[in-house]
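Please keep the sequence and the structure in view while reading.

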Amino acid sequence: MRLSITCVLVLGVLSPALAAAPTEVDCPSGTQREGDASEQWCERFDVFSAKAQRHGPAVARHPDGTLRQRGTYRNGRMDGPWREWLVDGTLRVAADYSLGQLHGTYKETTDSGIRLVGAYHNGVRHGTWTTFDEEGGVMTRGRYRKGKRHGSWRTTLEGGQHLV
């Protein structure tokens, strides 16, 4: 009996699925934890709007318990780094927010393996954006200025030909 209990404890400690993230969010002072096993966040009462608003860390889990999403709210808005994972643990989206707007680096991987890399400025695409195929080859590359395509864009076709 003693040996089997020890084995269960050791396996539980070493399991990457269990060690991937804490089961509960650690709420800052003045907030309280809300949600259930599938999603948890911190919230506080806002006297100006007379309603509760999310403030502090938040996590969401897939039905099997693996981490699906992690980020932080500030005054009811997404703020700072946010990450989203597939059930198998693959990072699907890495994005930065500032007071509810995408602001900073943005990386996304589709289900088919295509990757999109760029940046946002105050909620609009800005700067160089690149789309990579499943093997890591560049499919498209170009710049955005204030949310609109700017300048020349380069597209690589399946045969290796380039369109500009």
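A disulfide is a pair of cysteine sulfur atoms within 2.5 Å. The structure holds one disulfide. Its partners are Cys-27 and Cys-42, with sulfur atoms 2.1 Å apart. The link of Cys-27 and Cys-42 is left-handed, with -90 degrees about the S-S bond. It joins distant parts of the chain, 15 residues apart: Cys-27 is in the loop between helix H2 (16-19) and strand S1 (32-35), and Cys-42 is in strand S2.

The model is a predicted one, in which local features need pLDDT of at least 70 and side-chain atom pairs count only at pLDDT 80 or more, while totals for chains, interfaces and linings use all residues. Residues are numbered from 1 along each chain as its sequence is written, and side-chain values use heavy atoms, with hydrogens and water left out.

Helices (H or I, at least four residues) and strands (E, at least two) are DSSP runs, numbered from the N terminus. The chain has two helices and 14 strands.

Buried means under 20%, exposed over 50%, and partly exposed in between (1.4 Å probe, protein chains only).

| Residue | Relative accessible area | Class |
|---|---|---|
| Cys-27 | 22% | partly exposed |
| Cys-42 | 0% | buried |
| His-55 | 17% | buried |
| Phe-48 | 79% | exposed |

Of the 164 residues of the chain, 26% count as buried.

Which strand holds His-55? His-55 is found in strand S3. A polar atom of its side chain lies 3.0 Å from the backbone nitrogen of Asn-75. Contact means heavy atoms within 4.5 Å. Leaving aside neighbours within four places in sequence, His-55 is in contact with several residues, including Cys-42, Tyr-73 and Asn-75. For the chain, residues 24 or more positions apart account for 8% of the contacts with a separation of 6 or more.

Phe-48 is in the loop between strand S2 (39-46) and strand S3 (51-61). Together with Phe-45 and Val-47, Phe-48 forms a nonpolar patch on the surface, with about 430 Å² of accessible area together. A patch is made of residues with over 30% relative accessible area and no salt bridge; like charges are joined within 9 Å, nonpolar side chains (Val, Leu, Ile, Met, Phe, Trp, Tyr) within 5 Å. A salt bridge is a side-chain nitrogen of Lys or Arg within 4 Å of a carboxyl oxygen of Asp or Glu. Accessible areas come from the Shrake-Rupley method with a 1.4 Å probe; for residues, only the protein chains shown count as cover.

Methods. Polar contact = N/O pair within 3.5 Å; in protein donor to acceptor, adjacent residues only side chain to side chain.
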